[in-house]
Amino acid sequence: MVPRIANRVLIGLVGLVLFVLGGSVLAIGLGTAPPSWWIHQGPHDVLLSDAERTRWRDQGWWWPTVIAVLALLVLLALWRLSAVLRRRRLVEVLVDTGDGEGALLRGRALEDVLAGEAGQLDGVERAHVLLTGRRSAPRARIRLLLAPHVDPLDALHRLAAGPLARARDSAGLAALPVEVRLHGVKHRPERVS
């Protein structure tokens, strides 16, 4: 949840900065008087003069630095793209029907059933399930919000023996790898007398 919010905030800030910069250049190009501190002073002004563009060109460190910074930006963009594609939610799960054909089960349906059954376990306040992976080899990420004083190991055993085993068996999967994150409900500290 936090990476998704951080991702949206970052994209929103970048979009806002680009919108303000682009709008200001457009407004100045159409004849609006810019403030005295602004870098672009009029419709015939250039953002970088020839002297500013070629100032460091003869220095030995300039081109390796430019290439290194651009390469780093490309690597960061590729890393972010691969992270976004890797976190993709599974749309459907291939269920082996035994007749060589197979059936497709909606990923959201399996997520909802798993979350509903996990949420009904004793001591579980709320459950959230996300299916990832391939449709023939799904993986599950489960986040459980546990009530105070619940043994996390016991809750994990009940989850594995109940909802996860039923989901694996009903979908005809040989294995269902799961990443479970356990969180406790925030509560007031108890007084000891």
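Buried means under 20% relative accessible area, exposed over 50%, and partly exposed in between, taken with a 1.4 Å probe and protein chains only. The model is predicted, so local features need pLDDT of at least 70 and side-chain atom pairs count only at pLDDT 80 or more, while totals for chains, interfaces and linings use all residues. Residues are numbered from 1 along each chain as its sequence is written, and side-chain values use heavy atoms, with hydrogens and water left out.

Q: Why does Trp 61 count as partly exposed?
A: Its relative accessibility is 41%, and because this value lies between the limits of 20% and 50%, Trp 61 counts as partly exposed.

Q: What makes Trp 61 and Trp 62 an aromatic pair that is edge-to-face?
A: Rings of Phe, Tyr and Trp (its six-membered ring) pair if their centres lie within 6.5 Å, and planes under 30 degrees apart count as stacked, over 60 as edge-to-face and the rest as tilted. By this rule the count comes to two aromatic pairs. In the pair of Trp 61 and Trp 62, the centres are 5.9 Å apart and the planes make 80°, which is the edge-to-face case.

Q: Why is the pair of Trp 62 and Trp 63 edge-to-face?
A: The ring centres of Trp 62 and Trp 63 are 6.4 Å apart and their planes stand at 65°, so this pair is edge-to-face.

Q: Why is Ser 24 called buried?
A: Ser 24 has a relative accessible area of 17%, and because this falls under 20%, the residue is buried. Ser 24 is found in helix H1, residues 2-29, where helices (H or I, at least four residues) and strands (E, at least two) are DSSP runs, numbered from the N terminus.

Q: Why do strand S3 and strand S5 stand at the edges?
A: Two strands pair if DSSP finds at least two bridges between them, and three strands form an open sheet in the order S3-S4-S5 with mixed pairing. Strand S3 (124-134) and strand S5 (178-184) each have a single partner strand, so one side of each is left without a neighbour in the sheet.

Q: How do you know that S3 and strand S4 pair?
A: S3 and strand S4 (residues 137-146) are joined in the antiparallel sense over ten bridges, and because at least two bridges are required, they count as paired. One of the bridge partners is Leu 146 in S4, which faces Val 124.
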